[in-house]
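User: I am new to this structure and would like a guided look at it. Could you take me through its main features?

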Amino acid sequence: MSTALKDRLRAARQASIPASAGPGEEHGQAPDSPAELVDIKGHEQVEPAMSATVMEWLNVYRSHFEEALPACVDSAAFFAAVRSVLPTLAKCKPASVLQALLTCARFGLIPDGHQAAITRQGTTAAFVPMYQGYIELMYRSGLVESVHVGVIREQDEFDYVPTAKAPEDFVHRPNLWLSQKERGEVVIAYAYAWLKNGARSQVILLTREDAEEIRDEYSESYRRAEETEARDSYWHRFFQRMWEKSAIRRLIRVVPKSAELRALADADDAGDRGQVQILHAPDTEAARLLVEAERAHTAAEASQDIPPAPAKARPLKKRRQPRRSTRAARKGRK
């Protein structure tokens, strides 16, 4: 490629920033996550104007995404989400952007912040499945009839008796006449599934303390955000969503699961450790494109590096040889 993909994405990012930025918004900055394109109520905001460079990038790799996407996924919805997220990844290495998006496509998830998200971790793009994505793959397995995820608040009525038969073992009766504020803070997140054979899975219940332990033990992005005082990880911004996602992750252990669902959990773990994932080995052409994107990025970065001054070679010291004495000299010393 004559132009590095990173430069194209940066140009797209600059073009997508509105002329009148609000207070505190620096010119040229883009949101760190596609979830920031959705307001707190889940309503999609107006998609920013996309430049021709983003469309050019999509056209180059469109065939690879189309081959990766399952037939049950609407390709138009997938590409619309990709157009929205690309400008937020301008600082990422092009190879990692391509890998993260290909992984998302192979699982058939839309990177819209609901089923999945593509986030920036430094200069690396990472694929992050959301709990809706896990539920989607549970349904596609053909083994799960329905999945229920909920939260229990302080003033809600509920009862849990693990030894009782389903569905009498778990009862949750929220008072919907009260506002969320009147119902109190969330104290428990839960999840369970009804299977195709009519059986119901074990009920997974996680307290806030359980969720915090999971966060502290497994989330590398949370620890990194704490250390840098950025506090911009998903656990910082969307604690309840991650709490519910943790309940879904625990649910996977107790329901019939496909190889694809297990692979999704592995991809999620790899992404949270800051690793770039591509779960299914790419074909030869996709591998070539990854190498080409990485080479272009490396060349662009190398042109900006200042070569270090050559170190001065230290002169070699001549090793002194011990003086040899003659027999006559030794006799004279006696």
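Analyst: One term is needed at the outset: a residue is called buried when its relative accessible area is under 20%, and exposed when that area is over 50%. Please also keep in mind that this is a predicted model.

User: Understood. Which residues does strand E1 span, and how many of them are buried?
Analyst: Strand E1 spans residues 116–121, and five of its six residues are buried, so the strand is mostly covered, by the under 20% cut-off.

User: What does E1 pair with?
Analyst: E1 pairs with strand E2, residues 124–129, in the antiparallel sense, and six bridges link the two. Within that pairing, Ala117 has Val128 of E2 as its bridge partner.

User: What lies between E1 and E2?
Analyst: Two residues separate them, and the two strands form a hairpin. Gly122, in the turn, has a positive phi of about 70°.

User: Let us step back. How many helices and strands does the protein have?
Analyst: The protein has 13 helices and seven strands. Its chain counts 334 residues, of which 42% are buried.

User: How many bridges join E3 to E6?
Analyst: Nine bridges join these antiparallel strands. As an example of the pairing, Arg153 stands opposite Val186 in E6.

User: Where is Leu195, and is that residue buried or exposed?
Analyst: Leu195 is in strand E6, which covers residues 186–195. Leu195 counts as buried because its relative accessibility is 15%, and the cut-off for buried is under 20%.

User: What does Leu195 touch beyond residues up to four places away in sequence?
Analyst: Leu195 touches Leu143, Val144, Glu145 and Pro256. The C-alpha atoms of Leu195 and Val144 are 4.4 Å apart, although 51 residues separate the two along the chain.

User: How does H10 pack against H7?
Analyst: Helix H7 (residues 208–218) and helix H10 (residues 239–252) pack at an angle of about 85°, and their axes are 10 Å apart. That angle makes the two helices roughly perpendicular. H7 contributes Arg208, Ala211, Glu212, Ile214 and Arg215 to the contact, while H10 contributes Phe239, Trp243, Ser246 and Arg250. By type, the residues of this contact are four nonpolar, one polar and four charged.

User: One more pair: at what angle do H7 and H8 cross?
Analyst: They cross at roughly 80°, and their axes come within 6 Å; helix H8 covers residues 220–227. H7 and H8 are therefore roughly perpendicular to each other.

User: Which residues make that contact?
Analyst: On the H7 side they are Arg215, Asp216, Glu217 and Tyr218, and on the H8 side Glu220, Tyr222 and Arg223. The residues of the contact of H7 with H8 comprise two nonpolar, no polar and five charged.

Technical notes. Residues numbered from 1 in each chain as written. Predicted model: local features only at pLDDT ≥ 70, side-chain atom pairs only at ≥ 80, totals over all residues. Heavy atoms only, no water. Helix = DSSP H or I, 4+ residues; strand = E, 2+ residues; numbered from the N terminus. Buried < 20%, exposed > 50% of the residue type's maximum accessible area, 1.4 Å probe, protein only. Contact = heavy atoms within 4.5 Å. Axes fitted to C-alpha atoms, helices over the stretch in contact; angles between N-to-C directions. Parallel < 35°, antiparallel > 145°, perpendicular 65-115°, else oblique. Nonpolar A, V, L, I, M, F, W, Y, C, P; charged D, E, K, R; others polar. Pairing = 2+ DSSP bridges.
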